[in-house]
Amino acid sequence: MSTKQTIAVIGASGSMGAAISKSLSKGNNRLLLFGSEKEGVDAIVNDIRSANAAADVEALECAANASWEADIIILAVPYEAEKEIAEKIREVANQKIVISIANPLNETYDGLVTAPDTSAAEELQKLLPNSKVIKAFNTTFAADFATPVIDGKRVDAFVAGNDDEGVDIVSELVKTAGFNPIAAGKLSVSRTLENMQLLLIRLGMKYNYNWLAGWKILSN
Ligand SMILES: NC(=O)c1ccc[n+]([C@@H]2O[C@H](COP(=O)([O-])OP(=O)(O)OC[C@H]3O[C@@H](n4cnc5c(N)ncnc54)[C@H](OP(=O)(O)O)[C@@H]3O)[C@@H](O)[C@H]2O)c1
């Protein structure tokens with residue numbers, strides 16, 4: 001069995017934070033959950049424990065403490081909140097993998113607030129220069145975590161980053177969550193990945209995918 005990883009999820013009571021936490025609790029992981037409202041996080045911890053009594057999960061009341069204990073930190077918060085959180089965890093996230101799941105959508109969901117020559121992930125890397133920022137889980141909807149096989153096909157989940165070992169480690173987490181990991185390239189590929197999810201959101205609203213949709217590359 002692989003070595004147990006300690007994973008901090010910041011924003012654990014949100015749609016994505018809860019979905020990711022529930023999925024990763026099925027693997028050989030210790031989960032430290034943090035959210036701005038402790039009650040909401042406690043409810044997720046209880047959900048996870050009732051589904052799996054052996055799950056190693058606890059709620060922590062401080063993002064920096066959770067990140068200090070963690071090997072991997074997942075920021076499951078809106079893009080706009082990342083600067084504030086990065087400032088709190090910068091020291092303790094030194095040399096650690098920090099997963100960027102954010103899609104920097106504008107208020108009307110028809111564009112990104114980031115400039116075309118950057119991405120939410122690259123902006124996070126600038127805020128955390130000594131961490132290994134890896135893009136993942138931004139192209140999967142929260143509802144996909146309960147149903148990662150759609151129309152008989154396992155949804156692809158793209159992983160990008162400048163640290164090859166980090167990309168491999170995060171790809172294993174993507175697998176634990178039930179998706180098919182695709183190592184898509186360096187962190188700058190996040191510009192494409194974030195635009196892909198903007199497109200999927202737009203198409204989902206047009207064709208009524210009910211927030212249950214995903215990307216799949218077909219090949220022989
Ligand atoms: N929803 C999706 O299907 C989906 C798919 C791919 C990627 N994403 C990305 O995932 C991220 C989270 O989205 P979501 O849909 O899960 O949003 P959400 O349901 O609104 O959850 C956001 C979470 O972040 C917490 N939060 C906000 N500001 C915070 C702060 N300053 N410090 C600590 N926690 C804070 C919120 O807590 P409070 O409510 O207590 O403030 C909440 O638990 C976003 O970056 C989004 O682009 C979402």
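Modeller: Helices, of at least four residues, and strands, of at least two, are DSSP runs numbered from the N terminus. Please keep in mind that this is a predicted model.

Biologist: Where is D151 found, then?

Modeller: D151 is found in the loop between β7 (149-150) and β8 (153-154). D151 has a positive phi of about 50° although it is not a glycine.

Biologist: Why is a positive phi worth a remark?

Modeller: Most residues other than glycine have a negative phi.

Biologist: Is D151 buried or exposed?

Modeller: D151 counts as exposed, because its relative accessibility is 67% and the cut-off for exposed is over 50%.

Biologist: What about Y109?

Modeller: Y109 also is not a glycine and has a positive phi, of about 60°. Y109 lies in the loop between β5 and α5, and its relative accessibility of 37% makes it partly exposed.

Biologist: And S119?

Modeller: S119 is found in the loop between β5 (97-100) and α5 (120-127). S119 has 1% relative accessibility and therefore counts as buried. Leaving aside residues up to four places away in sequence, S119 touches T114, L187, S190, R191 and E194.

Biologist: Which residue meets E194 in a salt bridge?

Modeller: The side chain of E194 meets that of K135, at 2.7 Å from N to O. This pair links distant parts of the chain, as E194 is in helix α7 (residues 190-207) and K135 is in strand β6 (residues 132-135), 59 residues apart. Both E194 and K135 are buried.

Biologist: Let us change topic. How do helices α1 and α2 cross?

Modeller: The axes of α1 (residues 15-24) and α2 (residues 38-51) come within 10 Å and cross at roughly 30°. That angle makes α1 roughly parallel to α2, since angles under 35 degrees count as such. The crossing is right-handed.

Biologist: Which residues make the contact?

Modeller: A18, S21 and K22 of α1 meet I44, D47 and I48 of α2. Of the residues in this contact, three are nonpolar, one is polar and two are charged.

Biologist: What joins the side chains of D47 and K22?

Modeller: D47 and K22 form a salt bridge, 3.4 Å from N to O. D47 is partly exposed, with a relative accessible area of 39%, and K22 is partly exposed at 34%.

Biologist: How many salt bridges does the count come to?

Modeller: The count comes to 14 salt bridges.

Methods. Residues numbered from 1 in each chain as written. Predicted model: local features only at pLDDT ≥ 70, side-chain atom pairs only at ≥ 80, totals over all residues. Heavy atoms only, no water. Axes fitted to C-alpha atoms, helices over the stretch in contact; angles between N-to-C directions. Parallel < 35°, antiparallel > 145°, perpendicular 65-115°, else oblique. Left-handed = near helix turned anticlockwise from the far one by under 90°. Contact = heavy atoms within 4.5 Å. Nonpolar A, V, L, I, M, F, W, Y, C, P; charged D, E, K, R; others polar. Buried < 20%, exposed > 50% of the residue type's maximum accessible area, 1.4 Å probe, protein only. Salt bridge = Lys/Arg side-chain N within 4 Å of Asp/Glu carboxyl O.
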